[in-house]
Amino acid sequence: MPAAIEAVLLDVGGVFALPHPDMIRSALGVDFDEDRAARSHYAGAAAIDGLGRGEWSAYFTAYALEAGVTASRLRVVLPALRNAFRDPDDVAVWSLFVPTAVQALKRLHQAGVGLAVVSNSDGTVEGLLRDNGVCQVGEGGGTCVSVVVDSGAVGSEKPDPGIFVHALDVLGVDPDRAVHVGDMVHADVAGARAAGVRPVHLDPYGFCPLDDHEHATSLDDVVELVYASRVMSTLTSSPSAGPPWKMPLSGETSV
Ligand SMILES: [Mg+2]
């Protein structure tokens, strides 16, 4: 039986931030809204995972098609789309924030689990999260986390287990007491597994065809996972105590 979750590691792109349609609408030559932009991102992530490696050309193709670009226009659109992203880790593009995820992060903090960000970026993700009120190390406008590990700053990127180990060391939590939430199998699921951390694949639209790992449709699912792990841990550690929500039978005194 899994132990209670003591820490949650979190990806950024595809969890808190998505490519903003305003940054890429002109490149695509189609009008699409934020909902479509979100769906397009996860279609792109699934295309990358379909290849089993971080091949961003697959991302751009799937993104464009999902956003409404016709197949006949792909040859024209893809170079423009790639240019709009410039670098896939460019934080200026990753500026569509997910309010429900920001709120769920607060709930995770309230739940008392350790929190760490583990992101493949260019050394700027900590500022992006702080400036947009998502989270920061110490007090600030967002949720307080223990560490923001940026691959560009530490020289190790997912799926290398080293980046996860760095976060766990700061948290002081064993890998088997942590989960990592991310939107890509090749980086997040594989990387977490390599570090001995339980992976949770954030896949809101159900694009992932694999059933060999856990899925979540939102960060709210992870909050529920944390509380569920505590209940399960309590039951397995003291089975004679009965469930904490046990209702008194007739004649029993409720305490
Ligand atoms: Mg991501």
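Here are some notes on the fold, going from the whole chain to a few of its parts.

1. Ground rules. This is a predicted model, in which local features need pLDDT of at least 70, side-chain atom pairs count only at pLDDT 80 or more, and totals for chains, interfaces and linings use all residues. Residues are numbered from 1 along each chain as its sequence is written.

2. Whole chain. The secondary structure comes to ten helices and ten strands; these are DSSP runs numbered from the N terminus, with helices being H or I of at least four residues and strands E of at least two. The C-alpha trace spans about 75 × 40 × 35 Å along its principal axes.

3. Of the 255 residues, 42% count as buried (20 or more other C-beta atoms within 10 Å of a residue's own; exposed is 12 or fewer, partly exposed in between, with C-beta atoms placed from the backbone). Among contacts with a separation of 6 or more, 63% are between residues 24 or more positions apart. A contact here has two C-beta atoms, placed from the backbone, within 7 Å.

4. Six strands form an open sheet with parallel pairing, in the order 7-4-1-8-9-10; strands pair if DSSP finds at least two bridges between them. Strand 7 (147–150) and strand 10 (214–216) stand at the edges with a single partner strand each, so one side of each has no neighbour in the sheet. From one strand to the next, the twist averages 25° (axes are lines fitted to C-alpha atoms, for helices over the stretch in contact, with angles from 0 to 180 degrees between N-to-C directions).

5. Strand 1 and its neighbours. In strand 1 (residues 7–10), A7 and L9 point one way and V8 and L10 the other, and all are buried. On one pairing, four bridges link strand 1 in parallel to strand 4 (residues 114–119), where V8 stands opposite L115. Strand 1 also pairs in parallel with strand 8 over four bridges, and there L9 stands opposite H180.

6. Strands 8 and 9. Strand 8 (residues 178–182) runs parallel to strand 9 (residues 198–202), joined by four bridges, and V181 has V200 as its bridge partner in strand 9. Helix 9 (residues 185–194) lies across both strands, at about 165° to strand 9.

7. V145. This residue sits in strand 6 (residues 143–145) and is buried, with 27 other C-beta atoms within 10 Å. Leaving out residues up to four places away in sequence, V145 touches L115, A116, V117, C135 and V137. The C-alpha atoms of V145 and L115 are separated by 5.0 Å, although the two are 30 residues apart along the chain.

8. Helix 4. Its buried residues include V77, L81 and F85. Helix 1 (21–28) and helix 3 (56–67) are among what covers them. The face turned away from the buried side carries exposed R75, V76, P79 and N83. After helix 4 comes R86, with a positive phi near 55°.
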